[in-house]
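Hello,

Here is the structure I promised to pass on. My notes on it follow below.

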Amino acid sequence: MLRRLRRGSAANHNCPKRCPVCVSELRHRPPPTSIIITFHNEARSTLLRTIKSVLIRSPPSLIQEIVLIDDFSSDPEDCQLLSEIPKVRCLRNGRREGLIRSRVRGANTASAAILTFLDSHCEVNTDWLQPMIQRVKEDHTRVVSPIIDVISLDNFAYLAASADLRGGFDWSLHFKWEQIPIEQKMARSDPTQPIRTPVIAGGIFVMDKSWFNHLGQYDTHMDIWGGENFELSFRVWMCGGSLEILPCSRVGHVFRKRHPYDFPEGNALTYIKNTRRAAEVWMDEYKQYYYSARPSAQGKAFGSIADRLTLRRKLNCKPFRWFMENVYPELRVPEQEAVSSVLKKAVCVWRPVGPTPSAWQSAGASAPTGRSRRDGNS
Ligand SMILES: [Mn+2]
């Protein structure tokens with residue numbers, strides 16, 4: 001395994017180089033962070049690659065600890081063995097909780113004031129951490145992500161992703177990478193400038209812990225994986241924060257074709273439950289376009305959202321219309337007429353309502369290469 005890791009490290013010499021201007025951002029001494037990584041039956045080599053890269057590519061003073069949450073993997077030994085690595089603590093769930101509740105458990109136990117969430121199948125690049133911590137230190141309401149490079153699914157090589165992408169979505173709440181709007185691109189005189197992004201992919205981001213707690217952490221009634229990135233992104237923007245991608249920070253991530261683990265309630269139903277909760281709590285009247293784009297979501301159970309609605313009122317968050325007008329004006333609202341025709345057609349084609357292959361296939365994020373790939377975040 002070690003030899004494989006070394007080979008993996010050797011491949012890093014081909015990592016995309018950071019822009020030289022980035023170096024100037026490292027003058028100030030940023031505060032340390034707790035790295036939170038949740039996993040469920042992750043391959044040992046991939047998990048170790050993630051942890052090792054964090055330890056060798058981060059200034060030691062910035063890593064307060066690495067908190068691993070083993071979400072009830074089949075082999076409890078992984079957690080014990082990983083705990084022997086310096087700075088690593090591993091907590092094991094007594095039952096399967098999913099990515100969302102596992103991350104909240106990790107955040108609650110974290111001792112640093114800044115949280116760094118990382119997927120379990122990553123390789124962080126040189127100087128990945130300082131720019132993100134710096135941005136959050138300057139303004140604690142910023143939630144920042146790196147450019148997410150691609151670790152090849154076929155040979156685990158590290159491949160550069162485009163530096164001109166941001167996170168977007170369609171009305172079915174399907175995440176997609178998209179080009180920065182042309183006006184914004186033209187206005188960028190400095191390639192290291194942060195990129196405002198309507199949503200984050202969700203696997204990798206840095207956030208102030210007290211801001212994370214103030215904003216209500218995550219919706220812990222969401223299960224396993226999926227949709228939590230929309231809920232968090234809408235909440236951050238609408239409740240007074242911002243989301244950005246930092247070109248000076250790069251992290252490689254394995255974009256997987258399918259989830260390498262099972263969903264107790266089924267993949268499609270889980271994604272629908274989670275995105276439906278996000279739509280019901282945050283999208284106001286715009287949720288009709290979600291239901292039009294994803295007719296199979298209608299009538300599916302999604303649990304009580306009373307607590308999240310209370311949270312939204314308490315935080316005095318802006319309406320979704322504000323998000324549409326100020327954060328994501330590029331997302332076009334379907335014509336009313338077109339919506340009703342789609343709905344009619346959908347009812348025809350999709351009956352009987354239930355989990356369908358197309359709903360299943362559209363339930364994930366794709367790699368920033370443009371190739372269609374699903375993303376398992378945990
Ligand atoms: Mn992932």
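The accessible surface of the chain is about 15,900 Å², with 54% of that belonging to carbon and sulfur atoms. Please keep in mind that this is a predicted model. The chain has 378 residues, and 58% of them count as buried. Its secondary structure consists of 14 helices and 12 strands. Take the contacts between residues at least 6 apart in sequence: 79% of them join residues at least 24 apart.

Now the aromatic rings. The count comes to 20 aromatic pairs. One of them is F234 with F323: the ring centres are 5.3 Å apart and the planes stand at 70°, over the 60 degrees cut-off, so this pair is edge-to-face. F234 sits in helix α8 (residues 228–238) and F323 in helix α12 (residues 320–326), so the pair ties together parts 89 residues apart in sequence. Both residues, F234 and F323, are buried.

Y286 and F320 make another pair. Their ring centres lie 5.5 Å apart with planes at 55°, so this one is tilted. F320 belongs to helix α12, while Y286 lies in the loop between α9 (267–282) and α10 (287–293), so parts 34 residues apart in sequence are tied together. Y286 and F320 are buried.

Ring pairs link F169, W171, F230, F234, Y286, Y289, F320, F323 and Y328.

One last item concerns a charge. The charged end of K318 sits over the ring of W322, at 4.4 Å from the ring centre.

Best regards

Note on methods: Residues are numbered from 1 along each chain as its sequence is written. This is a predicted model: local features need pLDDT of at least 70, side-chain atom pairs count only at pLDDT 80 or more; totals for chains, interfaces and linings use all residues. Side-chain values use heavy atoms; hydrogens and water are left out. Helices (H or I, at least four residues) and strands (E, at least two) are DSSP runs, numbered from the N terminus. Buried means under 20% relative accessible area, exposed over 50%, partly exposed in between (1.4 Å probe, protein chains only). Contact means heavy atoms within 4.5 Å. Accessible areas come from the Shrake-Rupley method with a 1.4 Å probe; for residues, only the protein chains shown count as cover. Rings of Phe, Tyr and Trp (its six-membered ring) pair if their centres lie within 6.5 Å; planes under 30 degrees apart count as stacked, over 60 as edge-to-face and the rest as tilted. A charge sits over a ring if NZ of Lys or CZ of Arg is within 6 Å of the ring centre and within 35 degrees of the ring normal.
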